[in-house]
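Please look over the sequence and the structure below before reading on, and keep both in view while following the text.

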Amino acid sequence: MTAKPEITLRLRVWLDQEDQTYIGIGSTLLLQQVEKLGSLRKAAEALGMSYRRAWGKLKNAEERIGKPLVEKTKGKGQRFNLSPYGKEVMEEFLQFYLDVEDYATKRAGELLGLEVRKAGEFYRDDTQ
């Protein structure tokens, strides 16, 4: 008997404002890595992107949102912390993403009659 191949749900979720990304999983993952590693350079490396791209993504997100998402750690050189608002945005968007993923996985299984699993690509370590 041949085993059925696994069916995996993959989502890319973001919110647009005037045809530009307001906040999405990419910006949120960058914030998550900055929080975890305390460094934009290390966060970029962890996500496989250049420092320049990460810096641009962060600055664009801050401009669209209108508030700082990170702040330099005083006395620590190029170290960063999330601003209180950056931490709030990150946590709320990640929760939103997980809620959407839970619903989409369940609904795909119901409608398509398949066993569907979550890809788990974007989980925080503490929400797995």
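How many helices and strands are there in the protein chain? There are four helices and six strands, where helices (H or I, at least four residues) and strands (E, at least two) are DSSP runs numbered from the N terminus. This is a predicted model, in which local features need pLDDT of at least 70 and side-chain atom pairs count only at pLDDT 80 or more, while totals for chains, interfaces and linings use all residues. Residues are numbered from 1 along each chain as its sequence is written, and side-chain values use heavy atoms, with hydrogens and water left out.

Along the sequence, the elements of the protein chain follow the pattern β-β-β-α-α-α-β-β-α-β. Of its 128 residues, 37% are buried, a word that here means under 20% relative accessible area, whereas exposed means over 50% and partly exposed lies in between (1.4 Å probe, protein chains only).

Helix α3, residues 51-65, has 15 residues and reaches 21 Å from its first C-alpha to its last, close to the 21 Å expected at 1.5 Å a residue; the expected span is 1.5 Å times one less than the number of residues. Within α3, Ala 54, Leu 58, Ala 61, Glu 62 and Ile 65 are buried. Seen down the axis of α3, these buried residues fall within an arc of 100°, so they line one face of the helix, the arc being that of the directions from the helix axis to the C-beta atoms. The buried residues of α3 pack against β3 (20-24), α1 (25-37), α2 (40-46), β4 (70-72) and α4 (84-112). On the other side of α3, Arg 52, Arg 53 and Glu 63 are exposed. After α3 comes Gly 66, whose phi is positive, near 85°.

Methods. Contact = heavy atoms within 4.5 Å.
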